[in-house]
Amino acid sequence: MTAPLVQAEGVSKRYAGRDALASLDITLGAGEILALVGHNGAGKSTLIKLLLGLIRPDSGRIAVLGHDPSRPGAAEARRAIGFLPETIVFHPNMTGAELLAFYARLKGAPVAANRDLLARVGLAPAAGQRVGGYSKGMRQRLGLAQALIGRPRLLLLDEPTTGLDPELRQGFYAILDALAADGVGILLSSHALAELEHRADRVVVLRQGRKVADGTLADLRRMAGDPVRILVRLAATQPVPAYAGEAVSGVTVRAGRRLEIICPAAEKIERLRAVLDGPDPVADIELLHASLDDIYAGLLRRDAERTQ
Amino acid sequence: MTPIAIIAWREIREGLRNRRVLATASLLAGLALTLALLGSAPTGNIGASRLAVTVVSLSSLTIFLVPLIALVLTHDTIAGELDRGTMVLLLSYPLARWQVVIGKFAGHVVMLGLATAAAYGAAGLTLWLGSTDDAAAVAAFGTLIGTSVLLGAAFVATGTLVSALARDPRTAAGIALGVWLVSVLLYDMALLGLLVADQGHSLRAPLVQALLVANPTDAYRLLNLTGLPEVGQFAGLAGLAGHLAVAPSTLLGAIGLWVVAPLAASVAVFARRQV
């Protein structure tokens, strides 16, 4: 088995007395798409900066393509890394082609190959235009083209799909899939789990610098107890439903007569019985699989309860 | 190309593209030509060289304008890129931080040098054509251009240091303005005040010399106004020249130190800077 592209063990980093990352372990293999999911400030960008060697960990070990990224010798290893920062403001007076040429020269990659990269992200017609006139989506695609310079073996993408419409997003993930099939390891961060359905091989959920979950989406579903969502509509026999949230735990009252229950699959019969035995007559019941957003919220909530 | 050359070239290209270089050159050329043509008119028949007189006027112009332009060009160079997020991307490439600093410095020096040389060169050429200036005056004019670029480099280095130190671009602009005020105006005023208050009691010539040489704009002034006899007699500082016998090499060295020291400090500061 080949060595992983990224291997981090027990990595911690503190900023201003707060844990940005606390004893994090993470690995990424060739051809794998790993998604880092968490709220703003969960430690996603900190981890990417550590992997790039822009900051040093307070403790723990990091190896990226076999090098410690904070050592001076790692500059060469960065030749095989493509990076797309979260917010990027390119010089507005330069054209897309000029900017890519600058970055290609820095990487020692042939400038002539940029034409293919621009075509790959659908920017070939706009290559000669100044970046100042680009839309947000075009700038983001130029950023991706920049990250693909020199055929990197490892891609680090910080919230790459922010601001992209669904169609562009689909195209974006299609490019990533093709790269992963070629053996490129991809680490991307996102603040929405739902977006990653069928797109990430593995998901790491971060909360306040700690790993809350690490696995495939199916694993995460299992970890959260394979939750189901029960939607209940109460009959309009009484002006105000007597039923209150206290009667069954985990019940959210939505818009007066509509109740929502999210619970592990194993508990659903018990919960349903409680609702049916409740003071209000039930008009309708709907049973759904919990969405990825529900699972994500559930994982974070469980972790918050555990750490309190 | 090395990373330094690539970054320097990008700075130059951006400078050309956003017309900073053009604006700088036009401003300097406009003022230099005005000074050269109007300022040298009264030389009349007393035998003064028009070029030599113009050196005096252009030196004063340089002292005010070149440091200002250098600081305006550079105060944003690191703080601004950190602010816009492009620095994080740049540092993810296979290059070292010191190469970023040196590349930016080199690019700005080339821009400012080209603008200064073109503007003053145009003024000098205009005067020289159809005059009978001797070689000494031409040499003084050459010294003027060379030392102006060197003074510009000193303030490019200082501006880069300001940019590496400042928290954000606006703070950098404020500090840069302060640096300009102190080095161009306040330092000399304080020195004059000190001399007047002291009335020559305890401030000995070597100390005054050291204080003058310590400020790059004063070192530049001494170099151009008293360094050459041809120019010195028109500068009003000629009287000083006898008392302040500072060798041109010392003055050049002093300005050179103002290039190297802030540049080295910029590299050191940026190496430790959190991105």
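**Close-up views of a two-chain predicted model**

**View 1. Chain A as a whole.** Chain A has eight helices and 13 strands; here helices (H or I, at least four residues) and strands (E, at least two) are DSSP runs, numbered from the N terminus. This is a predicted model, in which local features need pLDDT of at least 70 and side-chain atom pairs count only at pLDDT 80 or more, while totals for chains, interfaces and linings use all residues. Residues are numbered from 1 along each chain as its sequence is written, chains are lettered from A and ligands numbered from 1 in the order in which they are written, and side-chain values use heavy atoms, with hydrogens and water left out. The C-alpha trace of chain A spans about 75 × 45 × 40 Å along its principal axes. Of the 308 residues in chain A, 49% are buried, where buried means under 20% relative accessible area, exposed over 50%, and partly exposed in between (1.4 Å probe, protein chains only). Among the contacts in chain A (heavy atoms within 4.5 Å) with a separation of 6 or more, 67% join residues 24 or more positions apart.

**View 2. Where chain B meets chain A.** The contact takes 27 residues from chain A and 23 residues from chain B. Between them the chains bury about 2500 Å², with 64% of it on carbon and sulfur atoms; buried area is the accessible area (1.4 Å probe) that two parts lose on being put together, summed over both. On the chain B side, look for B:Arg17, B:Tyr93 and B:Pro94, which lose the most area to chain A and together make up 27% of what that side buries. Two salt bridges cross this interface, a salt bridge being a side-chain nitrogen of Lys or Arg within 4 Å of a carboxyl oxygen of Asp or Glu. B:Arg13 forms a salt bridge with A:Glu98, and their closest N and O atoms are 3.0 Å apart.

**View 3. The largest pocket.** About 550 Å³ of space lies in this pocket. On a 1 Å grid over the protein atoms alone, a pocket is an open set of points where a 1.4 Å probe fits, with protein on both sides within 12 Å along at least five of seven lines, and lining residues have an atom within 4 Å of a point. Grid points are joined across faces, edges and corners, and the volume is the space filled by probe spheres set on the points. The lining divides into 13 nonpolar, three polar and six charged residues; Ala, Val, Leu, Ile, Met, Phe, Trp, Tyr, Cys and Pro count as nonpolar, Asp, Glu, Lys and Arg as charged, and the others, Gly among them, as polar. In chain B, helix H6 (97-128) and helix H13 (248-272) each supply at least two lining residues, and H13(B) gives the most, with three.

**View 4. Two salt bridges within chain A.** Side chains of opposite charge can pair when their charged atoms come close. A:Asp303 and A:Arg207 meet in a salt bridge (2.8 Å, N to O). This pair links distant parts of the chain, with A:Asp303 in helix H8 (residues 292-307) and A:Arg207 in strand E8, 96 residues apart. A:Asp303 is buried, with a relative accessible area of 3%, and A:Arg207 is buried too, at 16%. A:Asp58 forms a salt bridge with A:Lys13, the closest N and O atoms being 3.9 Å apart. Here A:Asp58 sits in the loop between helix H1 (44-52) and strand E4 (59-64), and A:Lys13 in strand E1 (residues 6-15), 45 residues apart. A:Asp58 is partly exposed at 48% relative accessibility, whereas A:Lys13 is buried at 9%.

**View 5. Two loop residues with positive phi.** Most residues other than glycine have a negative phi. A:Arg151 is not a glycine, yet has a positive phi of about 45°. You will find A:Arg151 in the loop between helix H4 (136-147) and strand E6 (154-157) of chain A, and A:Arg151 is exposed, with a relative accessible area of 75%. A:Gln208, also not a glycine, has a positive phi of about 50°. A:Gln208 lies in the loop between strand E8 (202-207) and strand E9 (210-215) of chain A and is partly exposed at 48%.
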